[in-house]
Every structure is written in C-alpha cells, then in structure tokens.
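Let's take a walk through this one together. Have a look at the picture first, and then we'll go through it piece by piece.

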Amino acid sequence: MLNISKDVIIGIAGFTLQNVSGVKSPSKSIRVEREQDQVTLDLGLTIGYGSNLLKLCSEVQRSVAENVELMTGLKVRAVNVTVQSVVE
C-alpha cells in the first residue's frame, strides 16, 4: 500500500495555485481531510482586485482537483475555496 502524506497533497495544491492567474497568495491556508482514497481540500486565498471571483474560484477548483487526482490517484471529493482577502 502506498501512503501519501497530507503535506504532499498540500504541496501539489500550492504549486497548482501558483500557476492560476489572479491568485496572489496561493498557500495562505490549505487544509486537507482524507478518508481512505478520497480527499477534501479547503483553500483560503488572497486574490487580485478586479478578478472575476466566480470564474477564478471555478478555475482553482478544477485545476487543484485535476492535479491532485492525476498526481496521487486519490479521488478529490471537494475543493472548497474561501476568498480571505483582495489586494491590488
């Protein structure tokens, strides 16, 4: 059995967020809950002023879920995004 630590999943999510335009502080708050082969991620983000929040958050959810599933083989149950602040 392969055991993937939560830190690895957090690292994948953080790296993914660095490549999403509009996310200013990608790893401010990332939490992972794991049950068997399923994970739920809670992300707290700082975004740039003027960004379309709905579009940006949807892109974050899709990108993070896709990369975590691709790189770990785990099923992503949910990617919950909280916009914690907006900066210029």
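How do helices H1 and H2 lie relative to each other? In this predicted model, the axes of H1 (residues 6-18) and H2 (residues 53-72) cross at roughly 135° and come within 9 Å. Angles over 145 degrees would count as roughly antiparallel and 65 to 115 as roughly perpendicular, so the two helices are oblique to each other. Their crossing is right-handed.

Now zoom in on where they touch. On the H1 side you'll find Ile9, Ile12, Ala13, Thr16 and Leu17, and they meet Val60, Ser63, Val64, Asn67, Val68, Met71 and Thr72 of H2. Sort the residues of this contact by type and you get eight nonpolar, four polar and no charged.

Next, turn to the strands. S2 (residues 38-48) pairs with S3 (residues 75-87) over 11 bridges, in the parallel sense. To get from S2 to S3, the chain passes through H2, making a right-handed β-α-β crossover.

Note on methods:
Residues are numbered from 1 along each chain as its sequence is written. This is a predicted model: local features need pLDDT of at least 70, side-chain atom pairs count only at pLDDT 80 or more; totals for chains, interfaces and linings use all residues. Side-chain values use heavy atoms; hydrogens and water are left out. Two strands pair if DSSP finds at least two bridges between them. Helices (H or I, at least four residues) and strands (E, at least two) are DSSP runs, numbered from the N terminus. A crossover is right-handed if, with the strands pointing away from the viewer, the path from the first strand over the helix to the second runs clockwise. Axes are lines fitted to C-alpha atoms, for helices over the stretch in contact, and angles run from 0 to 180 degrees between N-to-C directions. Angles under 35 degrees count as roughly parallel, over 145 as roughly antiparallel, 65 to 115 as roughly perpendicular and the rest as oblique. A crossing is left-handed if the near helix is turned anticlockwise from the far one by less than a right angle, and right-handed if clockwise. Contact means heavy atoms within 4.5 Å. Ala, Val, Leu, Ile, Met, Phe, Trp, Tyr, Cys and Pro count as nonpolar, Asp, Glu, Lys and Arg as charged, and the others, Gly among them, as polar.
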